[in-house]
Amino acid sequence: MLHLNILNHHVLSVAIWLPILAGIVVLLLGSDNKAAFTRWLALAGSLAAFFATLPLYTKYDFSKGAFQFEEMVQWIPSFNINYHLGVDGIAVPLILLTSFTTVIVVIAAWEVITKNIAQYMAAFLIMSGLMIGVFSALDGILYYVFWEAMLIPMFLVIGIWGGVNRVYATIKFFLYTLLGSLLMLVAFIFLFHKTGSFEVTDYYQLPLSLNEQILIFMAFFMAFAVKIPMWPVHTWLPDAHVEAPTGGSVVLAAIMLKLGGYSFLRFAMPIAPDAAHYLSGFMITLSLIAIVYIALVALVQKDMKKLIAYSSISHMGFVTLGFFIFSQLGLEGAIVQMISHGFISAAMFLCVGVLYDRMHSRQIADYGGVVNTMPIFAAFMVLFAMANSGLPGTSGFVGEFMVILAAVKYNFWVAFLAATTLIFGAAYTLWMVKRVFYGDVANPKVAELKDLNRREFLILAVLALMVIGFGVYPKLITDFTHVSAMQWLDHMAISKLPVAGL
Amino acid sequence: MENIQFDLMAVLPELTVLCMAMFILLADLFLKPKNKIVIYGLAQFTLFAAAYFTVGTHTPAVGYAFSGMFVDDTLSDVLKLMILLGTSVMFVYTRQYMQLRNMFRGEYYALVLFSVLGMMIMVSGQSMLTIYIGLELLSLCLYSLVALDRDSAKSSEAAMKYFVLGALASGMLLYGMSMIYGMTGSLNLAEITSVLQESSPNNPVLILGLVFIVAGLAFKFGAVPFQMWVPDVYQGAPTSITMLIGSVPKFAAFAIAIRLLAQGLQPLTADWQEMLLIMAVLSITIGNITAIAQTNLKRMLAYSTISHIGFLLFGLMSGSLNGFASSLFYISAYVLMTLAGFGMILLLSRKGFEAEHLDDLKGLNQRSPWTAFLMLITMFSMAGVPPTIGFYAKFTVLQAALQAGYIWAVVFAVLMAVIGAFYYLRVVKLMYFDAPQDSLAISAPYDMKFILSINAVALLALGLMPQTLMNICGAAIGRSLQ
């Protein structure tokens, strides 16, 4: 009975530590000589980790917006640091997305990774646990430890299994992120000396002057804007995406970018609400630049992965836009957009991976007429491309539409600029699909391509189901977010400035 | 009579080391070359015996011996234990290295034990004279240890440089002490404090004395602008000696900084805080930026040491108990990391081959994944990335500095930490992303591999559970300084 008790009362701890433990086991037992065993072991670990997160769905109390599944143990009493976990409706969908994506990544690597298999699988399993830790930590230092520790496996994944220019890309990725995070650490320490604890909930109640709030907000902004990434600190992302192996790109796009978005909601904005309002014009401007300018940049890319990377930045612009117009619709739209982008970008990168495994090229110019030799694959790709450009009926439409609706209420011209993405997004995605899949078979190698094998079909089919499923029935996500988003907005509406004269 | 007995009990660990060091020097003469391993055993035994006595005579109260010249408090006990433990680990790491290079001789062990004795005296010094004697004992042993490989021109050059600059620094320290003595009429730190508290501390001679003392301390730490000797000595000395210089003596330097600045010259806190701030910021800047350009691993670690010392000074300059405890935590973490880092160089070295170039690490992950993993932990710990202890080390000193109000210095320090991360990452890159140049198997004694594994894994384990070490550091500072 004891073990059942642990599963019931420590859902989050299990969700975090099970994949990490599985990763260590894979690292210890697996090797290139026992490749098949290593792969099955990793798959078993990732599936177990996925099932361990399901109680978050089945046992979640949808009527409450407060933190649930809370766990609290003293960790470092000298600095009042606690092992404090808890999730609300914003975090749960992201955690489920994380554990789901890990399974996909493990399967996607099946025959593709042949060198250091155990280390590759272990890196993704450990990363998955650490990312779930980021989504569920309610203590500043605990959060920071997960946030930074996650960089180490990703650094290795890009550097060991990446492309030609991998060293440059991975060091750039690491240093960019580290720079932002260290400023965030300074902000945490500052808040610690104000409140005497690292509890996020204590920070929510702390009155701060506008100057302090702006400084704190900017410190957090440096960390999260790099991660999302927002223009103009986005330049690490195309490099990292292009050089990373398929699995690395998938995790980067599907989850790591969401960590930035999530952290704005959990830390930067509620801790410094007045600064968030004060700087909202600035943030909306940056978001619009990302949406419009980066979409144009995506249009001229010659490398498929780079194109999808820029498209990610552009889509994440919607997320930050949704946050900073401070309305229920915009906020929920932004969260739906985060989840939906997780599936779509993962699918797009996997599709590029399918082509790359066969042709060892990501250049659009090397392809043409792929539909003739890979009809099933082309069907999937067209579906995901449509979702990426926001076709109604797919999940890509829901989030964008909600954010645009909310933006119209906020300011017509903001909405107008944001809506151009429906044109640009369609332009760069569909133009790429046209050049790769249709037209004449110009390259003799394309003529020899084989269609999807069963493994690839399975992954893409599951993702397609998700994309259509959430497109038709987005309530699955908004059920989670509705109450939490309402409470979040209530909190944001209350000024934390010290009242004059007191 | 009772007094003398008490005095001797207080210095029991020191007496042990002294007697055994002399015994080893003698025994060495009567041992055949193939039996020299006995010396190694004796040296390890000495360290453990001294550690045993240190623990055995420990009391939470502060005790004075030899008319107040020697202090036995929690801080001194903790630091002595760390020094003894660190030296013991160093002996394990360096045994094979010294054997293969024909330096496995009695004088190596005797000299190291004498330097340990010097450190223990520094740690317990309550009078400026005691501190100076301890410091000179340590320094003279280190000068000759650097030149232990007497046929190597590089080592002799490094020793010469170290000696000349070191003697200069000792002179400065002594000069500063004499000025303080002239102004206060006492060598005893407690008396100096009480005299200073009564008189106005804005006396120019006093400040000048303080400047000389801080300069002498900065030299022993290797803080900018007194860092010139560090890279040359690190590179020129045999790696085992570099490991010694880079690790445990920093505990002793920390101790005399606490004794002199935080205890004796406590009324002048505002003055030395500013001096330390300048040195801290310069050390972090120059250490981190210069390290990028290095191709020699030992030299790179030398510059990395300079930047670590900068961080350490951040804790000291806060001038609070919190700050001193965080500095102690930092120095403990630093010594653990340094031991692991140099241990790795020793592990990869063979007869006639020094693995001291960065390129020697290429492809280590393919040659030996476990060794590469240990080095990975060490590098990330030095860079201050969680979940390693290096993160908490930086965290504690930065929070102390922030509490003392140095917010922009802290922001500057974290920016420099990003630059620092680059060259640690480069080591990881060489090990994991590059193809090996060298395919020979790594041969090392099992005890060394075992201890090195524990050492590196401890960086991770202490990073997950840092509370115990924090408690020890907090108690050491809290009980010894009021």
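**Exercise 1: Helices H8 and H9 of chain A**

H8(A) passes H9(A) in a right-handed crossing, a crossing being left-handed if the near helix is turned anticlockwise from the far one by less than a right angle, and right-handed if clockwise. The model is predicted: local features need pLDDT of at least 70, side-chain atom pairs count only at pLDDT 80 or more, and totals for chains, interfaces and linings use all residues. Residues are numbered from 1 along each chain as its sequence is written, while chains are lettered from A and ligands numbered from 1 in the order in which they are written.

Task. Describe how H8(A) and H9(A) cross, and list the residues that meet.

Solution. Step 1: identify the elements; helices (H or I, at least four residues) and strands (E, at least two) are DSSP runs, numbered from the N terminus. Step 2: take the geometry; the axes of H8(A) and H9(A) come within 8 Å, at a crossing angle of roughly 165°. Axes are lines fitted to C-alpha atoms, for helices over the stretch in contact, and angles run from 0 to 180 degrees between N-to-C directions. Step 3: classify; this makes H8(A) roughly antiparallel to H9(A) (under 35 degrees counts as roughly parallel, over 145 as roughly antiparallel, 65 to 115 as roughly perpendicular and the rest as oblique). Step 4: list the contact, in which A:Leu151, A:Phe155, A:Ile158 and A:Gly159 of H8(A) meet A:Arg166, A:Val167, A:Ala169, A:Thr170, A:Phe173, A:Phe174 and A:Thr177 of H9(A). Residues are in contact if their C-beta atoms, placed from the backbone, lie within 7 Å. By class, this contact has seven nonpolar, three polar and one charged residue (Ala, Val, Leu, Ile, Met, Phe, Trp, Tyr, Cys and Pro count as nonpolar, Asp, Glu, Lys and Arg as charged, and the others, Gly among them, as polar).

**Exercise 2: The interface**

Task. Determine which element gives the largest share of the side of chain A that touches chain B.

Solution. Step 1: count the residues; 26 of chain A are in contact with 23 of chain B. Step 2: find the elements giving two or more residues to the chain A side, namely H7 (140-149), H8 (151-161) and H9 (166-195). Step 3: H9(A) supplies the largest share, 15 residues. Step 4: the chain A side comprises 21 nonpolar, three polar and two charged residues. The model scores ipTM 0.88 and pTM 0.90.

**Exercise 3: A helix pair in chain B**

Task. Classify the packing of H18(B) and H19(B).

Solution. Step 1: H18 (residues 389-403) and H19 (residues 407-433) of chain B pack at about 155°, with axes 8 Å apart. Step 2: the two helices are therefore roughly antiparallel, and their crossing is right-handed. Step 3: B:Lys394, B:Leu398, B:Ala401 and B:Leu402 of H18(B) make the contact with B:Ile407, B:Ala409, B:Val410, B:Ala413 and B:Ala417 of H19(B). Step 4: these residues divide into eight nonpolar, no polar and one charged.

**Exercise 4: A hairpin in chain A**

Task. In what sense do S1(A) and S2(A) pair, and over how many bridges?

Solution. Step 1: S1 (residues 68-76) and S2 (residues 81-87) of chain A pair in the antiparallel sense over six bridges; pairing requires that DSSP finds at least two bridges. Step 2: A:Glu71 stands opposite A:Leu85 in S2(A). Step 3: the strands form a hairpin with four residues between them, and A:Asn80 in the turn has a positive phi of about 55°.

Technical notes:
Contact = placed C-beta atoms within 7 Å.
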